Amino acid sequence: MNSPSPQTQSLMVTGGAGFIGANFVLQAVADGLRIINLDKLTYAGNLDTLSLLHGNNRHVFVQGDIGDRDLVTKLLAEHRPDAIINFAAESHVDRSIDGPAEFVQTNVVGTLGLLECARDYWRGLDGESREAFRFLHVSTDEVYGSLGAEGKFTEQTAYAPNSPYSASKAASDHLVRAFQHTYGLPTLTTNCSNNYGPYQFPEKLIPLIIQKALAGEPLPVYGDGRNIRDWLFVGDHCSAIRRVLEAGRVGETYNVGGNAERENITVVKTVCALLDARQPLANGKPRESLIAYVKDRPGHDRRYAIDSSKLQNELGWQPSQTFETGIAQTVDWYLGNQSWSARVLDGSYRMERLGS
Ligand code: NAD
């Protein structure tokens, strides 16, 4: 990673105790940046993930809501960040089916509050600081809807969100765009494909399958297992965000993807094979025999595929991991960090089925 440019020495990160936000914060602090980390610590936020930063004066953690205007205004005035990176969100599609209101509250209303505070803070900056300030909004490829067998999402693809989660993210993307057009706030938006890697809450496909396969439990696969996602290693998502922050053109959106389309069933079988090789089941059975097809998720998008050539060609970003290297690292990380998984699962979530 490059050394910090003068423009990005101090960042306000929201949602930095969640999966991607925490990976980003750990990497950024290691690279010498100062981080003010604002996170509400919902079930998905976990301070354990940030324990390596304990006592590090380049990291300030504040528990709070992105929609709390008084708190955000105070933090901006006190810490004077050069940019805001908005990761905070309700992020699990199945949960959005059970309870969409929380998704609108954080992803739409919360982002609006954060944007208003950012706009007012930015207006009060002068000269170079005002010129250099950025608001980077982290979003998803799910806003584009579902693809057939052919084609990829580009930055020109029309939004067609199909779940309450993706609808709320689409609404937040539109607000970010509107704040740039209406008030001139220097915004950037990234739309990324499915992430995997260390510190992902075990409700998402890959860590859920790792946990269940380790325990020798049935491995639930929705529908026929042939839904396709593009998979990106989380560290590569973080490096893409850093690159967009550094060199992205104000007002633009950038797709981020791993060029790694896989059917869900292939992902599950890959995890099974990696675990069998590293830690075979006591009964000697291959873990693939634990696969159990379950009723599909309502409105389950069939295929996502992302064209990230704009980011690659304009800004020279490339993922460093293939799916094969990234998934092997991820399995090894979960094997080496069982206590992290046990501690995050101490909360209310017990790997039960949601959103059915
Ligand atoms: P996550 O659910 O693991 O973490 C979300 C974090 O936000 C948690 O720490 C939570 O406590 C915090 N949070 C929730 N509501 C908040 C609020 N009102 N105020 C402050 N903090 C709040 O999510 P993730 O997987 O790390 O995703 C981060 C961002 O990246 C999200 O915006 C998501 O839409 C986007 N994204 C995720 C993926 C993926 O595959 N996980 C892919 C593309 C984009």
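# Exercises on a predicted model

Five bridges join strand E1 (residues 10-14) to E2, and the two strands run parallel. Keep in mind as you work that this is a predicted model.

## Exercise 1: The sheet around E1

Task: Work out which strands flank E1, which residues face each other across the pairings, and where E1 belongs in its sheet.

Solution. 

Step 1. Start on the E2 side. The bridge partner of threonine 14 there is leucine 38.

Step 2. Turn to strand E4 (residues 83-86). E1 pairs with E4 in the parallel sense over four bridges, and methionine 12 stands opposite isoleucine 84 in E4.

Step 3. Seven strands form an open sheet in the order E3-E2-E1-E4-E5-E6-E10, with parallel pairing. Its edge strands are strand E3 (59-63) and E10, each of which pairs on one side only. From one strand to the next, the twist averages 20 degrees.

## Exercise 2: The three-stranded sheet

Task: Give the strand order of the sheet that holds E7, E9 and E11, and describe its pairing.

Solution. 

Step 1. The three strands form an open sheet in the order E7-E9-E11, and the pairing is mixed.

Step 2. Strand E7 (194-196) and strand E11 (261-263) are the edge strands, each pairing on one side only.

Step 3. Neighbouring strands of this sheet are turned by 50 degrees against each other on average, direction ignored.

Step 4. Zoom in on one pairing. E7 and strand E9 (residues 228-233) run parallel and are joined by three bridges. Here asparagine 194 stands opposite tryptophan 231 in E9.

## Exercise 3: Two helices side by side

Task: Describe how H4 and H6 are arranged, using the angle and the distance between their axes.

Solution. 

Step 1. The axes of helix H4 (residues 100-123) and helix H6 (residues 164-183) come within 9 Å and cross at roughly 15 degrees.

Step 2. Angles under 35 degrees count as roughly parallel, so H4 is roughly parallel to H6.

Step 3. The crossing of H4 and H6 is right-handed.

Step 4. Identify the residues that touch. On H4 they include Phe103, Val104, Val108, Leu112, Leu115 and Trp122. Those of H6 include Tyr165, Ala171, Leu175, Val176, Phe179 and Tyr183.

## Exercise 4: Salt bridges

Task: The structure holds 20 salt bridges. Examine the one between aspartate 94 and arginine 297, then the partners of arginine 249.

Solution. 

Step 1. In the pair of aspartate 94 and arginine 297, the closest N and O atoms are 2.7 Å apart. Aspartate 94 is in helix H3 (residues 93-98), while arginine 297 is in the loop between strand E12 (291-294) and helix H10 (309-315), so this pair links distant parts of the chain, 203 residues apart.

Step 2. Check burial. Aspartate 94 counts as buried at 3% relative accessibility, and arginine 297 is buried at 16%.

Step 3. Move to arginine 249, which is partly exposed with a relative accessible area of 42%. Glutamate 314 forms a salt bridge with arginine 249, with the closest N and O atoms 2.6 Å apart. Glutamate 314 lies in helix H10 and arginine 249 in the loop between helix H8 (234-247) and strand E10 (253-256), so the pair ties together parts that are 65 residues apart in sequence.

Step 4. Glutamate 252 also forms a salt bridge with arginine 249, with a closest N and O separation of 3.6 Å. Glutamate 252 counts as partly exposed at 24% relative accessibility, and glutamate 314 is partly exposed at 39%.

Step 5. Salt bridges that share partners join Arg249, Glu252, Lys310 and Glu314 into one network.

Key
Residues numbered from 1 in each chain as written. Predicted model: local features only at pLDDT ≥ 70, side-chain atom pairs only at ≥ 80, totals over all residues. Heavy atoms only, no water. Pairing = 2+ DSSP bridges. Axes fitted to C-alpha atoms, helices over the stretch in contact; angles between N-to-C directions. Salt bridge = Lys/Arg side-chain N within 4 Å of Asp/Glu carboxyl O. Buried < 20%, exposed > 50% of the residue type's maximum accessible area, 1.4 Å probe, protein only. Parallel < 35°, antiparallel > 145°, perpendicular 65-115°, else oblique. Left-handed = near helix turned anticlockwise from the far one by under 90°. Contact = heavy atoms within 4.5 Å.
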